[in-house]
Amino acid sequence: MLSNNVASYIIYNKQDMGAIQMIGDMQKWTPNVAGIIEHAKEIHPQTEIISRLVSGEIHRSNYEKVCIRSRKLASALEKDGIKKGDVVATLALNTYRHLEMYYGISGMGAVTHTLNFRLHPEQAVYIINHAEDKIIFVELPFVPILEGLQDKLNKIQKYIVLCEEHEMPETSLKNAISYEEYIKDGDEEYKWPILDDDAACALCYTSGTTGNPKGVLYSHKSNVLHAQAALTAMTIQPDDSILMVVPLFHVLAWGIPYFGPMNGLKLVMPGMQMEGEPLYELIDQEDVSLAFGVPTIWMGLLAYCRENNKILSSVKNTIIGGSALSLATLQEFDEVHDVNVIHAWGMTEMSPLGTTNVPTPEMQNMSKEEKYAIQLKQGRPIYGVELKVVDDSGNELAKDGKSQGHLMVRGPWILQKYFKADKDAVDADGWFDTGDISVLDEDGYMTIKDRAKDVIKSGGEWISSIDLENAAFGHPEVAEACVVGIPHPKWDERPMLFIVTNSGEPVEKKSIIDFLSDKVAKWWLPDEIVFLKELPHGATGKLQKFELREEYSNHYMEK
Ligand code: ADP
């Protein structure tokens, strides 16, 4: 096991480094992510980068063009006085320009700070000021958001609007200029600088459901290592055409903008249009073979296909993470579309990939039910990531498929401390507490039972809200389900099930309870079912359970 061997001993106990007798004779490696786009230009120049623009029009670029335009951007930033270590923000969609910013900004030594346009304005102001952003690149539809906030943004010197010169809107934004004008005279032969060991590359903030959002500052090295590891852990083929639905503004789009060009993969980016119909069209037209996304996006795509008799014929694999995969989604991908589902898990603090669930030779001989049972697990750690599960006192629990506890992680692309924090976010041995409650089994698979803050404590036992949601989601009338623990005078907490139905109208509660009865233990059955028109989602599409918990907090107490 890695945690017991010499390699990890040396990595995690730096004070003992003096014990090393000899230093290797190989070249010193201080990576700059710009090397990735240069590699793609050299080896895969004509591989296409497809983007749906804000106008709806499809734009075609390639690795050669993206690389040269990134060089021009880097030189324009330098000319503008941006220095190594300055933070430059993007408020942008998944398009070729955002990819160019990933390389142009980070490659010249500044830090690419990706902003989520769904953030609450107060959070956006906090994040931009906390990061001390100097410039913001902004997508055309988001210009009004920043116009409303700019008086509160302390350090911003300039706003660059992601459009052609002639598309530039009338705007009050300070020193506003179009992206195309900004890079027009940039140097096509720009030479990327050699960076310091562990130089910062990109900055993302966690959603911060409680308290202020926290920044995670990735390094060039951590991003390159993470991308290389991801390539080995997701059945990626050199001729794959990737649909990148995961946003470039959230956790570096799971590393795709780095490992895609590393392997010369065609990238297909949907811009603003994430609904079932435009996604299906893009998949079909661009021959997408591998699609990355969160369950809610796939639910929309599957519903569109179901209602319009469409089959995802080009897609071979889909990687699903961000929230738990349900059996109903897995089955529909497999049985209707013949798409293999790879469940993955990670978090902002982990760059984000921690585990993936790729098919094993043993799975080929299993029944569908056995195979599905494995695929629903969040997967096995990719090389470089170590996992352990501990109890409330920090004692390691058995990897027996039963003992559940706090999931701890460590590895070279896992954070040491939050941006600008005084203290480390890890314990003395380098372990980071993910906030997830999980089970590890003998074969190395990890299963998430819940977020620690969402697990339901009923009569001294734990109920997994995720398991209960997944069971409810299998009911034919259920479009979305959310389970929350509500304070209870006798049992501490009891589960309450919130449902959005396909028709939007309530269905008989008994039919839901009957459906769940043979799927979960009797004492897990929700005491109350509430039908809603929609569930509260946060800026990254995750359920905001605390809102429902707050609203219904007195429900059982008052009875
Ligand atoms: P946030 O900013 O909300 O923390 P992250 O993307 O970092 O956003 O969220 C990470 C969390 O999302 C994980 O700790 C886990 O609880 C949840 N998560 C991610 N992938 C999965 C998955 N495959 N199954 C269940 N939960 C998941």
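In this predicted model, strand 13 (residues 317-320) is covered on both of its faces. Asn317 and Ile319 are buried on one side, and Thr318 and Ile320 are buried on the other. In a regular strand, side chains alternate between the two faces of the sheet.

**Strand 13 and its partners**

- Strand 12 (residues 290-293) pairs with strand 13 in the parallel sense, over 4 bridges.
- Within this pairing, the residue opposite Thr318 of strand 13 is Ala291.
- A right-handed β-α-β unit is formed by strand 12, helix 11 (residues 295-307) and strand 13.
- Strand 13 also runs parallel to strand 14 (residues 340-346), to which 4 bridges join it.
- Here Asn317 is placed opposite Asn340 of strand 14.
- Helix 12 (residues 327-337) carries the chain from strand 13 to strand 14, and this β-α-β crossover is likewise right-handed.

- Ser326 lies in the loop that links strand 13 to helix 12.
- Is Ser326 buried or exposed? Ser326 counts as buried because its relative accessibility is 5%, where the cut-off for buried is under 20%.
- The side chains of Ser326 and Thr329 make a polar contact at 3.0 Å.
- Beyond its neighbours within four places in sequence, Ser326 is in contact with Leu376, Asn470 and Phe473.

**Nonpolar cores**

- The largest nonpolar core has 65 residues, of which Tyr258, Phe259 and Phe292 touch the most other members.
- With neighbours within four places in sequence set aside, the contacts of Phe259 include Ala227, Ala230, Leu231, Met234 and Ile236.
- Phe259 is also in contact with Ile242, Trp254, Leu265 and Phe292.
- Another core, of 28 residues, lies apart from the largest one, and its members include Leu91, Leu93, Val111 and Tyr205.

**Confidence of the model**

- The chain has a mean pLDDT of 93, and 96% of its residues reach 70 or more.
- Over residues 1-6, pLDDT stays under 50.
- For residues 1-6 the model has 6 contacts beyond four places in sequence.

Technical notes. Residues numbered from 1 in each chain as written. Predicted model: local features only at pLDDT ≥ 70, side-chain atom pairs only at ≥ 80, totals over all residues. Heavy atoms only, no water. Buried < 20%, exposed > 50% of the residue type's maximum accessible area, 1.4 Å probe, protein only. Helix = DSSP H or I, 4+ residues; strand = E, 2+ residues; numbered from the N terminus. Pairing = 2+ DSSP bridges. Right-handed = clockwise from strand over helix to strand, strands pointing away. pLDDT = per-residue confidence, 0-100. Contact = heavy atoms within 4.5 Å. Core = buried A, V, L, I, M, F, W, Y, C linked by side-chain atoms within 4.5 Å. Polar contact = N/O pair within 3.5 Å; in protein donor to acceptor, adjacent residues only side chain to side chain.
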